[in-house]
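Dear colleague,

Please find below a structure that I would like to hand over to you. A short account of the findings follows it.

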Amino acid sequence: MPYYAIDGIRPVIHPTSFIHPTATIIGDVIVAAGCYVGPGAVLRGDFGRLILEEGANLQDTCVMHGFPNTDTVVERNGHIGHGAVLHGCRIKENALIGMNSVIMDGAEVGHSSIVAAMSFVKANMIIPEKQLVAGTPARIIRTLSEQEIAWKEAGTSTYQQLTLRCHQSLVETTPLSEIEPNRTRLSLENLVPLYQLKNTDAKLT
């Protein structure tokens, strides 16, 4: 597991969190209970402090970094999609950052807000709570519905369950050479993409 100290400062990782073995954790990084950090994620606490609060997830190939004397924070139940970059910003409780988005220094994403995939949130932008934000540069589109917020919460819960599943069953292995008969599928809750939820009668679980 690639954990690194720098200038005598070591990462702090709560034992109930799961850090994938291919993630890289450097220096002044604090990960609270029940967090998930995915494959290839980089938390580079060699300038500023990086904090994941309880139940947050930081998915595959995400990057967290910040300037000296700053904190980059994902608050409780924050949800950071694949490939996102967080630099010197604060993601408030229950907010979601979409895949491949960039959140710049001094920006704040409000409680239960959603930043759409591929968005660029400029430095010092303050996003109020429960807003949908999208674009390059990002702008506030509208207030989120309760259904959309519930969808986000269900997705974060799925990642919190993934943390437990990884502790219980994720092991390095060798691949099979052929598909076995009656190959088992993963059995998970019925969580669907947001666009599908809005275009069908699918129900949140």
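Tyr36 has a relative accessible area of 6% and is therefore buried (buried means under 20% relative accessible area, exposed over 50%, and partly exposed in between, with a 1.4 Å probe and protein chains only). Phe18, at 9% relative accessibility, is buried as well.

Before going further, please note that this is a predicted model, in which local features need pLDDT of at least 70 and side-chain atom pairs count only at pLDDT 80 or more, while totals for chains, interfaces and linings use all residues. Residues are numbered from 1 along each chain as its sequence is written, and side-chain values use heavy atoms, with hydrogens and water left out.

Aromatic rings

A pair of aromatic rings is described by the distance of the centres and the angle of the planes. Rings of Phe, Tyr and Trp (its six-membered ring) pair if their centres lie within 6.5 Å; planes under 30 degrees apart count as stacked, over 60 as edge-to-face and the rest as tilted. The structure holds 2 aromatic pairs. In one of them, the ring centres of Phe18 and Tyr36 are 6.0 Å apart and the planes are at 20°, so this pair is stacked. Phe18 belongs to strand β3 (residues 18-19) and Tyr36 to strand β5 (residues 36-37), so the pair ties together parts that are 18 residues apart in sequence. Strands (E, at least two residues) are DSSP runs, numbered from the N terminus. Together with Tyr159, Phe18 and Tyr36 form one aromatic cluster.

Charged side chains

A salt bridge is a side-chain nitrogen of Lys or Arg within 4 Å of a carboxyl oxygen of Asp or Glu. By this rule there are 7 salt bridges. Which residue meets Arg44 in a salt bridge? The partner is Asp46, at 2.8 Å from N to O. Arg44 is partly exposed, with a relative accessible area of 31%, and Asp46 is partly exposed at 22%. The charged end of Arg44 also sits over the ring of Phe47, 5.8 Å from its centre (the rule asks for NZ of Lys or CZ of Arg within 6 Å of the ring centre and within 35 degrees of the ring normal).

Another salt bridge joins Arg183 and Glu180, at 3.0 Å from N to O. Arg183 is exposed, with a relative accessible area of 53%, whereas Glu180 is partly exposed at 31%. Finally, salt bridges that share partners join Glu75, Arg90 and Lys92 into one network.

Yours sincerely

Note on methods
Helices (H or I, at least four residues) and strands (E, at least two) are DSSP runs, numbered from the N terminus.
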